[in-house]
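Dear colleague,

Please read them with the structure open.

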Amino acid sequence: GDLAPVTVAGLGPMGAALAEAFLAAGNPTTVWNRTAAKAEPLVARGARHATTLTEAGEASPLLVICVTDYPSAKAIIEGAGSALAGRTVVNLSSSTPDEAREAVGLAAGFGAAYLDGTIMVPTNLIGTEHAVFFYSGSRPVYDAQLAALKSLGGDHKFLGADPGLAVLYNTALLGLMWAMANGYLHAAALVGTAKATAAEFAPVALDWLVPSVVTPILHSMTKDLDTGVYPGDAGTVQMNLNAADHLVETSRSQGISTLVPSFLRQMLAATVEAGHGEGNYSAMIEVLRKPSD
Ligand code: NDP
């Protein structure tokens, strides 16, 4: 067909999943990996193997990089060098916002356009409708590459002109996921003291969490976070602090760790101390928006 040729550099679990999705969609796909042997299964499925970065760069108008971190991605861009002139690099490797901004200039130095992106799902969802990708930076570069990127399946979101936005959202959402996972682990440990198995607890907990109770609460916080007004008429930080005290005490008396709830207790206490005890739970953002000492 007329699908765009693509090169994938980096064939760890995620890079290999990306290359497989491009192959499955029918894009002529070239692969490169520092450890060349990882290209073999993809070559067996029809990929072309670039053994040098020059070859990798020259093989396609689009080079998708998916490696451990920015220094590794940088080594690939520098290794391909002027082979990238007139082409586009889409970097889907983890990095920091500053590194994402730096990469634009690095690629431009070799005459290449650059788009930063992040992958928001595990490898098994790549190539399915449930895949989620974030991008940020040059909108024209995104628009030009979207057709090729759609071979990876799912939802592609452009977040804005600052190249650092995609990785900023990525790390923020990982923090959200870990905070939720920590709460879930603590809750499982707590009901486990009454011999409840995770299999018994999960349906009760997860049905309650999404979508019936917790997600609507998070939606309802949005306005307060943007206005900086935290009406406490339906519940205050002080009330939550009392409830967190019960969670700490119950964890202690049931003989499990208080690590997770004491952290929550500490956040609530700091918010009361900052003068927001009569505000609602969203007022904790006042503490979180300031740097830690
Ligand atoms: P890794 O993060 O372990 O990346 C492995 C790849 O990086 C390999 O191809 C490896 O090459 C390459 N690499 C490491 N250092 C260098 C270097 N200095 N020069 C060239 N290549 C290098 O595994 P994943 O594939 O899982 O992750 C890739 C990216 O995708 C990461 O940024 C990760 O955060 C992101 N991601 C992964 C998800 C997942 O579920 N796996 C989910 C969402 C995002 P070699 O084989 O030679 O060692």
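In what follows, Ala, Val, Leu, Ile, Met, Phe, Trp, Tyr, Cys and Pro count as nonpolar, Asp, Glu, Lys and Arg as charged, and the others, Gly among them, as polar. By these classes, the lining of the second largest pocket has twelve nonpolar, five polar and no charged residues.

The model is predicted, with local features needing pLDDT of at least 70 and side-chain atom pairs pLDDT 80 or more, while totals for chains, interfaces and linings use all residues. Residues are numbered from 1 along each chain as its sequence is written, and side-chain values use heavy atoms, without hydrogens and water.

A pocket here is an open set of points, on a 1 Å grid over the protein atoms alone, where a 1.4 Å probe fits and which has protein on both sides within 12 Å along at least five of seven lines; lining residues have an atom within 4 Å of a point. Volume is the space filled by probe spheres set on the points, which are joined across faces, edges and corners.

The second largest pocket has a volume of about 420 Å³, and among its 17 lining residues Ile119, Met120, Val121, Asn170 and Leu174 lie nearest its centre. Its lining takes at least three residues from each of domain 1 (6–161) and domain 2 (168–288), the bounds coming from an automatic or database domain assignment. Helix H7 gives the largest share of this lining, five residues; helices (H or I, at least four residues) and strands (E, at least two) are DSSP runs, numbered from the N terminus.

The largest pocket has a volume of about 2,500 Å³, and of its 50 lining residues Ala179, Met180, Val214, Leu218 and Tyr281 are the closest to its centre. Here too H7 gives the most, with 14 residues, and the lining has 37 nonpolar, twelve polar and one charged residues.

Turning to the rings, Tyr135, Tyr142 and Phe158 form one aromatic cluster, where rings of Phe, Tyr and Trp (its six-membered ring) pair if their centres lie within 6.5 Å, and planes under 30 degrees apart count as stacked, over 60 as edge-to-face and the rest as tilted. Tyr142 is buried at 4% relative accessibility (under 20% is buried, over 50% exposed and in between partly exposed, with a 1.4 Å probe and protein chains only). The ring centres of Tyr142 and Phe158 are 5.1 Å apart and their planes stand at 35 degrees, so this pair is tilted.

With best wishes
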